[in-house]
Amino acid sequence: MADAGEIVLAAGTPDHADVRAEGIRALSRYVTFGLEQCLERADPARPEFVDVQTTIRKYMGDNPDQTYFSASVSGDRSYRINASMADAVAVEIGVYAGSFGSSGGRRLVDAVEDSTLQVDPEGGYELLLTPDPESGNPNQLRLDPDASSVLIRTYFTDLNVRLAHPRPTIEAIPSGGPSPMLTPEQLRRGLEFAALHATGSFGWWVNQRKKVPSEFPLNAFLPLPDEGDLLTPENVRYLSGDWQLAPNEALVVDFDPSGGADYWAWVLLSHWGETVDWRNRTAVINGDTAVRRGDGSVRLVVAHQDPGMPNWLDTAGHPQGSLSLRWFRSHAPLPTAETQLVPFDQLSSIN
């Protein structure tokens, strides 16, 4: 980790003391996740779910409306998961091989979502991960020999319900039994993998931002190109772009969600891919929380201070970052977004 801070200080990153301070903190959060994922809960014979996105752990473009639970697995045994999607909009479960910190990257092995998953009336479900799944069984996922993790994404539109969502459980078949004492070799490997996981993941996010062509306009939000390296679910499409505001400016975003989606949300991120502290600021506006205009369209306002208008996304003082629309499970075209950059004190006069 000695040189990891250079990711934050490298050419092309913001030359702004506060932004860089937040970048170092973001990297430290990746380290805490790496230690938990790669050292404390790394044994696929005795797996446990790690809460990837918390109120202070913001990993690779978090969404406050979603919980992300990850566990280590291997392809030489099976696993039973028990979880709940009570009061949730949707759930997706994916098995992955590799990692962002590995030389080969990460690969999606198999996945299922609630539209085909068998869920009981209370929202509970059981899922089997196995090298030999039964054909036609929706509650089984395939494990390849190089499988390394399983990730459960659950969508909500109420933050209080999301915060109360219980952690799922996972058990290995056969069980690995109680954990033995940690060996020096396990400690060394765990610390090394934690560092690689942290720097590889954080570096991947920063480098993704650097790949955005310079001709992409600021404060405009276009369909997100995805050549498969983002590993986004097939049923999620995105508008995405970078925003940048002076202290006295505001960004107005108009779009029409009337085409319909099971879930949609605009999520505001800092340069480092973190939402602001959404316990006391608004970082996400979704289909249930948005205030619509008479024609059904929605107007968002991105600003450094409260504009006294509906659908304010709070920058918390960040001068720049990214904004994306997550358009989930819809046969309708991805909406377009019209934007206006205006002086803050002229917001009330715009059309």
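Let's start at L35, which counts as partly exposed because its relative accessibility is 32%; here buried means under 20% relative accessible area, exposed over 50%, and partly exposed in between (1.4 Å probe, protein chains only). The model is predicted, so local features need pLDDT of at least 70 and side-chain atom pairs pLDDT 80 or more, while totals for chains, interfaces and linings use all residues. Residues are numbered from 1 along each chain as its sequence is written, and side-chain values use heavy atoms, without hydrogens and water.

L35 sits in helix α2, residues 17–40; helices (H or I, at least four residues) and strands (E, at least two) are DSSP runs numbered from the N terminus. This helix of 24 residues reaches 33 Å from first C-alpha to last, close to the 34 Å expected at 1.5 Å a residue (1.5 Å times one less than the number of residues).

Which strands form it, and in what order? Four strands make an open, mixed sheet in the order β7-β6-β3-β9, where two strands pair if DSSP finds at least two bridges between them. Its edge strands, β7 (140–142) and β9 (169–173), each pair on one side only.

Strands of a sheet pair through backbone hydrogen bonds, either parallel or antiparallel. Here β3 (residues 78–84) and β9 run antiparallel, joined by five bridges. Within this part of the sheet, you can find R80 opposite E171 in β9.
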